[in-house]
Amino acid sequence: MSSGETPEGGPVVPSGRRAGTAVDPRGAFGRSETEPSGEDGTGADDGEPADDPAAGATPAADDPAEAEPTGPQAGASTEPADPTEPATAAEPPVATDGPEPDGPEPRAADGAQEASEADAPPPVDPPTAVIRTPAAPEDAADAADEEAGTGPETARPEGGDAEDDGAGPDAEPAVPAADPPTTAFRAVAPAPAADPEPAPEAKPQAKAEPDADPEPEPDAKPEREPDAEPGAGGADGTASRYVPLRDDARDAATAEAPEPERTRQQPLPPVPGQRAVDLLAELTNRPAPPPTPLRTFVRRVKIWTPLVALLAIVLVTAQLLRPLPEPELELTATDAYTFEGERPGIAWPTEGQAALDVEGLGSFGTHGEQKPVPIASVAKTMTAYVLLTEHPMEAGEAGASIPVDATAEKEAGYSEQGESTVGVEAGETITQEEALNALMIASANNVARLVARWDAGSEKAFVEKMNAAAQDLGMKNTTYTDPSGLLKETVSTAEDQVKLGRAVMEMEVFRDVVAKPAYTDRNGKEHANWNRLVPLYGTVGIKTGTTTAAGGNLLFAAYADVGGTRQLVIGAVLGQHRPPIIDSVLAAGKDLILSAQKALTAETVVREGDVVGVVDDGLGGRTRLVATEDVAAVGWPGLTVRLELAEGADGVPGEADTGTEVGVLTVGDGPGQVKVPVALAEPLSEPGAGAKLTRVL
């Protein structure tokens with residue numbers, strides 16, 4: 001029956017069972033080795049023999065522990081025993097949670113197995129597991145009671161099958177085994193819960209197919225066990241026999257329960273502080289190689305090489321794409337030239353003080369003590385300078401209109417008292433140009449005071465502007481007290497007046513005015529220039545001034561043509577008291593002009609084709625520059641002039657052919673300076689890739 005229960009009349013042996021039928025030997029492991037009564041051939045632990053043919057099948061012929069009957073009831077059965085068919089009782093399966101053993105199971109004899117396979121239904125084996133554990137003391141005592149036949153499970157039902165006792169002509173005595181106590185468990189399909197005592201007998205299943213074909217074991221027949229002593233057995237006189245287990249099961253008895261196998265594809269979580277290389281090795285199931293200096297070096301090279309390569313690519317790209325620096329001109333020739341020879345002699349005045357310069361070249365020096373002295377109408381030069389500074393004019397323009405007040409008309413009559421004036425009427429207007437002519441040529445005191453009031457609102461306010469301008473020009477020894485210079489408190493030095501003369505001669509409108517020997521006013525009246533040196537000796541100005549207190553004073557300017565250049569000579573003579581004072585001062589001025597013109601000379605400083613400089617591209621490239629013509633410096637013996645190299649109006653190109661003019665060489669400064677173009681002596685090209693890559697900044 002499928003429930004595993006035994007019919008009340010005793011075990012029924014299926015008619016198809018033969019002597020060679022294979023039986024699942026795992027039923028023999030349903031109890032501990034201390035319970036031989038379940039393996040003595042009686043076929044029952046609880047007195048009920050199995051009724052299933054598969055469960056009661058004879059053990060395989062190659063089982064090393066085949067049961068033999070030893071008791072007096074070996075042949076006691078209601079049916080005659082087949083001497084050729086060994087019988088064994090099927091142990092009821094015991095459920096367990098353990099896994100099914102992987103080892104091969106005992107095989108039956110070849111003939112018997114073939115007969116069993118032919119007659120038996122398809123084997124269906126539930127999951128089984130074999131776990132060996134040492135028998136507990138109380139289990140051993142129970143087993144002893146069962147061997148003695150005193151336990152309740154040793155009761156044998158009437159009419160027991162003689163073949164279940166294992167008696168037969170070929171039965172062999174059991175061989176005592178030295179194996180430690182073992183317990184065999186068989187897992188069965190879940191069944192309804194039942195009363196644990198007595199346990200329902202599970203229906204044995206056919207021999208299970210192993211997961212894999214086990215290696216065949218040699219058909220070695222174990223030694224027979226010695227016959228049990230007479231009188232041993234249960235109450236019915238049946239003898240017990242111990243069945244030894246296989247070697248692999250014997251080894252498992254002393255081992256601990258196997259640890260569940262971990263899946264290789266799921267390693268343990270990383271340990272804190274674990275190196276990345278170790279984790280990688282664990283994931284690939286390969287341990288990290290032991291660290292060595294060489295492996296460490298190679299690993300670092302592999303890590304850093306891509307980073308360094310990437311950095312190099314970025315650096316190279318940035319260097320190649322960076323804007324190029326602007327090329328600059330550099331002077332390689334000497335930056336100064338000194339004229340050889342003795343210093344020239346200058347015709348200095350016999351009295352007073354004087355100063356003489358050549359604009360842009362230098363100074364011949366001064367004569368006399370440079371102390372502040374009255375300068376008379378020479379002060380009107382500062383009045384004109386402030387007027388043009390406050391009201392700039394272009395050459396040829398008339399300038400602003402200046403209304404004439406009553407004071408100016410009144411002061412026009414001061415000419416009878418010895419003042420220089422021009423006639424004006426109140427209510428009329430004069431142009432700024434006519435006012436400048438009246439100041440610098442006619443030396444009109446009344447017009448000087450008129451423009452002061454018109455510009456600043458008062459003469460005092462205008463005088464403050466005059467003194468401020470003097471400070472700006474570096475005239476440290478000059479003080480102005482009135483716009484006309486009539487007052488003797490208006491003082492200066494020859495050196496300071498030369499400074500003013502250089503500044504005011506830069507104004508084109510002023511130069512045009514002072515270079516006139518005379519002018520005609522709005523009324524048609526002509527006024528001669530008090531500086532009668534104009535236009536003699538190259539004289540182009542500037543202003544005379546005479547009073548009894550101041551004597552004769554002159555601020556002059558004259559040109560000198562030297563070496564193809566026009567040099568501007570500026571000088572001042574103060575404190576000439578020899579009468580007539582105006583003639584004395586003009587004579588002194590003439591001597592100074594002629595002395596300067598005679599002293600000036602021109603010398604070749606650089607010849608055509610000489611290398612004077614280079615074009616520096618900012619990355620180490622240098623292209624030579626040559627002068628396109630001779631360069632003549634103007635000076636006098638003992639004078640040192642400066643040389644400068646500057647780029648042209650269009651700047652310095654990045655690339656150009658040989659002969660391209662890229663700059664100008666200048667000798668000296670001021671209006672008399674000499675300028676010569678410079679050109680490339682070789683092709684100019686942009687810096688190469690190597691220069692771009694190696695630049696630092």
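Q: Which residues in α8 are buried?
A: This is a predicted model, in which local features need pLDDT of at least 70, side-chain atom pairs count only at pLDDT 80 or more, and totals for chains, interfaces and linings use all residues. Residues are numbered from 1 along each chain as its sequence is written, and side-chain values use heavy atoms, with hydrogens and water left out. Buried means under 20% relative accessible area, exposed over 50%, and partly exposed in between (1.4 Å probe, protein chains only). In α8 the buried residues are Gln432, Glu434, Ala435, Leu436, Asn437, Ala438, Leu439 and Met440.

Q: How many of the nine residues of helix α8 are buried?
A: Helices are DSSP runs of H or I with at least four residues, strands are runs of E with at least two, and both are numbered from the N terminus. Helix α8 spans residues 432-440 and is mostly covered. Its buried residues number eight.

Q: Which residues in α11 does α6 meet?
A: Contact means heavy atoms within 4.5 Å. From α6, the residues involved are Thr381, Met382 and Tyr385. Their partners in α11 are Leu500, Ala503 and Val504.

Q: Is Ala395 buried or partly exposed, and what is its relative accessible area?
A: Ala395 lies in the loop between α6 and β8 (401-403). Leaving aside neighbours within four places in sequence, Ala395 touches Glu508, Val509 and Asp512. Ala395 is partly exposed, at 38%.

Q: What separates the C-alpha atoms of Ala395 and Met507?
A: Ala395 and Met507 are 112 residues apart along the chain. Their C-alpha atoms are separated by 9.1 Å.
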